[in-house]
Amino acid sequence: MKRREFLNLLAISGLGLAGSASLGRVLADDVEELSTQYPVPTNTGITGKIVIVGGGMAGATLAKYLRLWGGNGVDVTLIEMAPSYTSNIMSNTVLTGQRTMATLKYAYGTLTGHYGVKLIQARVTAIDASSKSVIYDGGTVSYDRLVLAPGLQFDLMPGMSSLDQYETLIPHAWQAGGQTELLRGQLVNMANGANVVITIPKSPYRCPPGPYERACVIADWLKTNKPGSKVIVLDANPDILVEKDNFAAAFGGLHGYVVDYRPGCTVTNVDVASKTVTFSQGETTGLTLTSGVLNPIPPQRAPQLLKDAGLLNASPDAQGINRFAGVNVLSYESTVAGKSNIHIIGDASHTTQPKAGHVANQEAKTCADAILRRLLGLPLDENVVT
């Protein structure tokens with residue numbers, strides 16, 4: 001089997017899982033398996049020191065497959081701030097009380113205990129590409145290959161003064177955790193007859209959780225619990241981006257609820273205290289909505305760490321901002337000159353693929369295969385032994 005066939009198989013398997021109710025469980029198994037179904041890594045003759053920053057769907061999967069395929073001669077260190085991974089997949093159902101945050105948490109015990117991945121719980125503060133080292137709170141670690149899977153950071157909405165306002169007043173809940181629980185509490189306590197306003201940024205943005213799915217699950221919950229309330233969606237994109245027919249039918253009342261969907265809306269101001277949004281739609285400016293619950297999904301970008309390392313070279317957006325890191329999708333190596341031994345996978349990379357959990361999972365496996373080939377001095381399209 002040639003590598004391109006192997007990659008196509010991964011892509012097909014990922015797309016096949018995308019519509020499955022078990023997607024979250026399958027992907028999470030690459031973070032913490034329910035059983036050690038794969039053997040303990042043995043000696044394959046491959047050696048190298050790999051450092052991975054970020055233990056989400058992309059980073060944890062990569063750590064596992066580097067050891068599984070590369071063997072115990074491949075030294076893998078995973079640096080992650082959190083003691084466990086909280087999955088964004090299915091986090092929308094926490095808002096409606098169908099799940100709790102505890103059901104979305106996965107530990108790293110199998111990665112460390114079974115696969116032999118070294119785990120450092122710390123915050124990475126800098127990357128020194130010249131010395132091939134990563135600086136974190138408490139120390140420094142060197143690498144032969146560095147893989148960055150840090151997820152995203154979120155911009156302020158116009159009119160906001162601090163990121164803390166997301167944590168306390170108008171949660172975006174786009175990173176599952178405390179904001180998810182805050183948004184759930186606000187929905188429960190909202191007066192019947194008040195409305196929920198959701199704003200969607202221009203793509204690309206992380207999904208899941210998905211904005212159209214979120215609008216639907218909240219609207220369905222309101223139908224029973226707050227029948228006088230509705231969901232209003234202000235979408236910066238010109239139309240529904242995914243599964244247009246399905247979501248248009250759902251918004252229009254197919255399932256017994258109605259979502260007031262408004263495309264082509266540009267938010268110009270958010271009044272945090274009153275939860276009022278000022279926006280334009282087409283050529284109409286100065287429109288306002290006051291909400292009972294305001295859920296602004298902000299524009300997203302790769303974390304500052306990558307900008308400081310000079311890795312954000314993707315084409316600038318309409319505001320002239322380079323938000324993501326350009327990569328060679330055969331290996332996910334950076335396309336910045338002189339930094340090809342740094343790989344970027346997951347949400348922080350710039351590709352034509354959506355920023356989704358199943359995509360990050362497949363990117364990690366592609367990247368693992370590429371790194372092992374690099375360590376062996378093989379071209380990326382050499383035959384794979386079957």
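Me: Which residues are linked in a network of salt bridges?

Reply: A salt bridge is a side-chain nitrogen of Lys or Arg within 4 Å of a carboxyl oxygen of Asp or Glu. Here D155, R301, D317 and R323 are linked in such a network. Please note that this is a predicted model, in which local features need pLDDT of at least 70 and side-chain atom pairs count only at pLDDT 80 or more, while totals for chains, interfaces and linings use all residues. Residues are numbered from 1 along each chain as its sequence is written, and side-chain values use heavy atoms, with hydrogens and water left out.

Me: Which parts does the pair of R301 and D155 tie together?

Reply: The two side chains meet at 2.8 Å, N to O. R301 lies in strand β18 (residues 300–301) and D155 in the loop between β10 (153–154) and α6 (164–168), so the pair ties together parts 146 residues apart in sequence. Helices (H or I, at least four residues) and strands (E, at least two) are DSSP runs, numbered from the N terminus.

Me: Is R301 buried or exposed?

Reply: Buried means under 20% relative accessible area, exposed over 50%, and partly exposed in between (1.4 Å probe, protein chains only). R301 is buried because its relative accessibility is 18%, and D155 is buried at 12%.

Me: What does the salt bridge of E333 look like?

Reply: E333 pairs with R374, the closest N and O atoms being 2.9 Å apart. E333 is in strand β20 (residues 333–334) and R374 in helix α11 (residues 357–376), 41 residues apart. E333 is buried at 5% relative accessibility, whereas R374 is partly exposed at 31%.
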